[in-house]
Amino acid sequence: MADFAGLSISGRVAVPDDSDWDEARAAWNLIADQHPEAVALVESAEDVSKTVAFAYENDLRVAPQGTGHGAPPLGPLEGTILIKTERMRDVKVDGETARVEAGVLAEELGAAAHENGGQCFLPGSSPNVGVIGYSLGGGFGWLARKHGFACNRVRAIELVGADGELRTVDAENDADLFWALRGGGGGYAVVTALH
């Protein structure tokens with residue numbers, strides 16, 4: 001068992017002995033009964049980087065989770081640090097583009113886009129779905145037939161790779177990874193923000 005006291009992040013690391021453990025490990029989809037080794041409640045990309053590096057040094061897997069709508073396929077998470085991004089809620093809308101951190105919900109991006117001249121983004125069917133999971137899972141929503149899938153509107157992805165390094169990928173910088181993250185499936189990186 002890893003000594004999680006060695007994982008120093010600006011957020012919080014929850015472990016099974018904590019009084020709020022059941023709340024920390026819970027997903028939005030309550031059918032998933034998650035039992036990770038610890039839960040990193042991260043607040044920044046740097047927190048994610050430190051958590052991934054710690055997991056690597058301690059022979060643990062990582063599983064990122066925004067809301068936990070798609071938690072059941074992850075399984076029980078033995079030998080895993082669950083990285084919850086729900087505290088990463090920064091949204092910046094600039095003209096016709098936006099940058100959203102990994103914990104941003106659809107309703108938050110929708111409100112920010114509306115405040116920016118009455119704009120809209122390509123939402124799904126629920127306001128409490130995470131923008132990252134929805135967009136990178138394909139992003140088929142109500143406006144898809146007219147305006148296309150949300151994943152096709154992603155211009156850049158900020159992430160932490162398996163080596164713990166912070167990177168930004170786009171069509172010119174690591175195009176294969178950029179393609180794979182936009183609906184290709186697989187656990188290639190922990191996404192910290194979308195553009």
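Reply: Contact here means heavy atoms within 4.5 Å. This is a predicted model: local features need pLDDT of at least 70, side-chain atom pairs count only at pLDDT 80 or more, and totals for chains, interfaces and linings use all residues. Residues are numbered from 1 along each chain as its sequence is written, and side-chain values use heavy atoms, with hydrogens and water left out.

Start with Val-190. It sits in strand 9; strands (E, at least two residues) and helices (H or I, at least four) are DSSP runs, numbered from the N terminus. Val-190 has 3% relative accessibility, so it counts as buried (under 20% relative accessible area; exposed is over 50%, partly exposed in between; 1.4 Å probe, protein chains only). Beyond four places in sequence, Val-190 contacts Val-48, Val-52, Val-62, Pro-64, Ile-83, Glu-158, Leu-159 and Val-160. Take Val-52: 138 residues separate it from Val-190 in sequence, yet their C-alpha atoms are 8.7 Å apart.

Now the cores. A nonpolar core is a set of buried Ala, Val, Leu, Ile, Met, Phe, Trp, Tyr and Cys residues joined through side-chain atoms within 4.5 Å. The largest has 19 residues, with Ile-157 and Leu-194 making the most contacts inside it. Helix 3 (106-115), helix 4 (131-136), strand 7 (156-160), helix 6 (175-181) and strand 9 (190-194) each give two or more residues to this core. Another core, of 18 residues, lies apart from it; Val-190 is among its members, as are Val-42, Leu-60 and Met-88.

Across the chain, 45% of the 195 residues are buried.
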